[in-house]
Amino acid sequence: MQEHISLLLVVIPLITALIVAVLPRGILPWASTLVATFICVVLASMQLWEVINGGVISYELGGWKPPWGIEYRIDTLNAFVALIVSGIAAITLPYALLSAEKEIPPHQIPLFYSAFLLCFTGLLGITQTGDIFNVFVFLEISSLSSYVLISLGSKRQALTSSYQYLIMGTLGATFFLIGVGFIYSQTGTLNMADLARILPEVTELKTIHTGFAFILIGLALKLALFPLHLWLPNAYTYAPSVITVFLSATATKVAVYVVIRILFYVMPSGFMATIPIGDFFVLLGIAGIIIMSVYAIYQSNVKRLLAYSSVAQIGYMVLGIGLASTAGVTATIIHLFNHALMKGALFMAVGAIIYRIGSCRMDNIHGLGRQMPWTFGAIVIGGLSLIGVPGTAGFISKWYLVLAAIEQSAWISVAAILTGSLLAVIYVGRLIEALYFKPATESQQNLKEAPILLLAPTWVLVFANIYFGLDTELTVGVSEQAAQALKAIVK
Amino acid sequence: MTHNLILRVISKFLIPLIILFALYVQFHGDFGPGGGFQAGVIFSSSIILYALVFGLDAAEKIIPTAILRILASLGALIYASVGIASIFSGGNYLNYSVLADTPVAGQHLGILLVELGVGITVSAVMLIIFFSFVGRSRP
Amino acid sequence: MDFIFSHYNYWITIFLMMVGFYIVISRGNLIKKIIGLNIFQVSAFLLYISIGAVQGGAAPIITEGVELYSNPLPHVLILTAIVVGVATTALALALVVRIKESYGTIEEDEIHEHDHSL
């Protein structure tokens, strides 16, 4: 079975999704989903272990030799992202039981978990596959199921925001598809390793340039790169809490992974030096960090505040990619992991507040920190990590990002990263002020702490935030190994 | 409901032919143009024609939505389990060659089963889409 | 002139792409947006199909006496993409039905008015 791990990671959630869809309501759909995700975490860790020690894994589907057949090709980068995705899914699920019960009509629960698993399948599939068209298919599997999941939110705005996401997401996917078509028409292959081999001969062609432009714009829509982020704040605000946790920690991360894979693996080395795409990413990254952080300060809904902060955090990742150095990409990969931890913890804590009072508007949460000390503690530590205080995971990624920027004397980028942190102090401060320093309304005086089933997963992530802020061996070591394996980095 | 005699007679005559054609496209898919996607859509169109002429309730009596949901999952499960079966026969996922004694027979068996799964899922999903849209207008 | 006519498949693709894109951006009616999205997707499908065609090539089914076949791979890819497109359209229409039920309208600006008056 050992050699089938990379395949089973995709097939197990897929098969479970199909079975869960026809299960009767009750605890069974949740339990099967839980089991499937935990199996996936184990498999993903085994896969990462194997890749770190044994090198690249290649798995051909259907017995067709690559580059003709679909190949699953796993190196350190894939394996790490797959572990992030399955880890977050496994931590989200214990949380999902109560939260979903509260926010989703009971007759839709089995289908909810089925859609969740399909989304999970799609995200894992993107990380596993080595075929660029297959990436498109899995991208659409995960996107279609996340449109469904978002539309299950309890407010009617969930429907319109899901529709908006659907339009923009489909445009993005079609752009990606067109780009792949252009590249296929010139190279005749879809296998990414094979593309990396053939592309240097045809780099000068206008078709290739156009194709990559289409692909990158499509991906930018999917990863909510500023200024193509318009779908994200609404989608995160109105989605059910569990889904916000899951999507914010995984969906955009996987799109960032695809960008790294395309830019530094598929594209021939030196390609980024001939076109100003790196500067472009740096510019959009800086603009995203500053403008979106300022937007976050003025939000009156906590979920929307965190959603805008997510767009700003994506700015950091894109900035690291734009620097186009090993250090920059390392920082981006570290931030993929750390941002999943902190946003997961924060959205979970906000979900616990919603579980108790049914709202997360700034005016309604006054003084809740005193009634719900554990939830409040999670928000404080998650917030500190978001700011990048030493001792938290957020500090590590910002530290490496700043180092990467200094290495290239990119002082404007350094200034933008620090300004972003200062702006984060303001919006996290507003959140803490509302939660702790404003007096609670009379009706909310006797509010109880959130149930343990919501608090435990939240605090697992909170502790992870602190642990990975102190012990960086896993994150930094793996990220460095992953970045060094990407051969096309120029600087 | 008015008595559209001509419509009823003609569609009663046509529906078996459509189903027959769907089966032909389904099982002829490994020799010529065809396969599960097309066959599934053709098959579901016969039920949709029935629903248009004889009413939604009559159509749902033939294939209730609950059964359609199971069928939709079942088809995809057939597909996935063919892949699992080839793992247990010692090949890679979806490598049909190991399913039977000779690779050619294995490929034959594999593609037939996979296309059958696709056909079931596609026809069930098309019907679910149709029923759930049309069912919305019911009071 | 020759350049324009010999690449007519690309011109059709570009035309459809722009028409679809324009409809998605400019129309406020949610159904019309979906129609625009479909046209946009179809342009991508046509692009694939046309680059898979080989001049004088037969359908890619092995027959005796035929040497030149069209490339079957783009067709297979597009079959997948068409299925994705069908799923997207069905989901989008379902969302529009639900939006109509809860807002009473499918015009984008009226929906915004409803949400702000809350």
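Angles under 35 degrees count as roughly parallel, over 145 as roughly antiparallel, 65 to 115 as roughly perpendicular and the rest as oblique. This is a predicted model, in which local features need pLDDT of at least 70, side-chain atom pairs count only at pLDDT 80 or more, and totals for chains, interfaces and linings use all residues. Residues are numbered from 1 along each chain as its sequence is written, and chains are lettered from A and ligands numbered from 1 in the order in which they are written.

**Helix packing in chain A**
- Helix α3 (residues 76-103) of chain A packs against helix α10 (residues 241-266) of chain A at an angle of about 165°, with axes 7 Å apart; axes are lines fitted to C-alpha atoms, for helices over the stretch in contact, and angles run from 0 to 180 degrees between N-to-C directions.
- α3(A) and α10(A) are therefore roughly antiparallel.
- Residues that meet include Leu77(A), Ile84(A) and Tyr95(A) of α3(A), and Val245(A), Phe246(A) and Tyr257(A) of α10(A).

**Chain A overall**
- Chain A comprises 20 helices and two strands, which are DSSP runs (helices H or I, at least four residues; strands E, at least two) numbered from the N terminus.
- Along the principal axes, the C-alpha atoms of chain A fill a box of roughly 70 × 55 × 40 Å.

**Contact between chains C and A**
- Chain C gives 25 residues to the contact and chain A gives 22 residues, two residues being in contact if their C-beta atoms, placed from the backbone, lie within 7 Å.
- On the side of chain C that touches chain A, the largest share, 13 residues, comes from α4(C).
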